[in-house]
Amino acid sequence: MARADLHYALALDREIFEASRVDPALLDPIVRVAGAVPGPARPITVLRDFQGPQGAYLEHFTLTDSAGAERARSRVTRIELRGEMFEDRFITVLRDVELADGGEHRLTFFINDEEVGSIPVFVEVGEGGDPRIAAQETFAKALQKGAVLWVAVPQPDGRTHTQPVWFVAEAAKVYVFTGETEQQVPGLAQAAQVELIARSKDLRSKVSRVSATARQVPADDELFTKIARIGLGRRLNLPDGDGALERWRTNCALIELTPRFGSDEAAEEPAA
């Protein structure tokens, strides 16, 4: 029977993994338990690369503790490999895993019920840092990497309108101009709360998603002028140069968005 080989694998806290997609320097291969053990681990990202002959395989993995007891088992999943010239990556997020101790755990991977490799898993017991701060840092770094941000705005009919916008980030807040002579975001000027979505450079992965309160900055407020001047340097292909400041003041609303960070408001899990 054709054999697939495990070339690389990693298990780590999901928030750390998502942060590392923005800044690789943040990568730290640990699994975190928020309180004492025994206790629940925070969501765990399991990443693995397989290489083997082209075709379909059945894959699963197990997580065992330092005493060899099984703590988690993934579903048996059909995977497709492209051929021996390629490495194919698969990502799974484990939730509700109960860990009994803080010792070194182990992930073991199986293809067609045959063990193909294993890796150590390191557990950090305790808070392991404030999840709120981690979420805030991830979001801030995502903003630094991108020129656009996605905003999801509730609509009167119950739907949600989502679109990319250019923005100004200043003092831990996000500012968006919306109006008929600029980007038009339906319902943003009337919204009390929206969601902000930062994506990776390839625009496929949601790196960070947070809720945010919204308020309109009056056109005669000094803050409006300050943000508009910053916006002159942020807005790509600006047709009227410095004249945009008065155009924005006359025709647009400036919306101040204040992110609300929490342990469950940070990164979305990546697609497998």
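**Close-up views of cores and salt bridges**

The structure, a predicted model, holds 21 salt bridges, each defined as a side-chain nitrogen of Lys or Arg within 4 Å of a carboxyl oxygen of Asp or Glu. Residues are numbered from 1 along each chain as its sequence is written, and side-chain values use heavy atoms, with hydrogens and water left out.

**View A. The largest nonpolar core.** This set of buried Ala, Val, Leu, Ile, Met, Phe, Trp, Tyr and Cys residues, joined through side-chain atoms within 4.5 Å, has 27 members, and I44, F50, L99, L107 and F109 make the most contacts inside it.

**View B. The salt bridge of R71 and D65.** The closest N and O atoms of R71 and D65 are 3.7 Å apart.

**View C. The salt bridge of E182 and R247.** In this pair the closest N and O atoms are 3.2 Å apart. Both partners count as buried, E182 at 10% relative accessibility and R247 at 14%.

**View D. The salt bridge of E256 and R215.** Here the closest N and O atoms lie 2.7 Å apart; E256 is buried, with a relative accessible area of 7%, while R215 is partly exposed at 37%.

Note on methods
This is a predicted model: local features need pLDDT of at least 70, side-chain atom pairs count only at pLDDT 80 or more; totals for chains, interfaces and linings use all residues. Buried means under 20% relative accessible area, exposed over 50%, partly exposed in between (1.4 Å probe, protein chains only).
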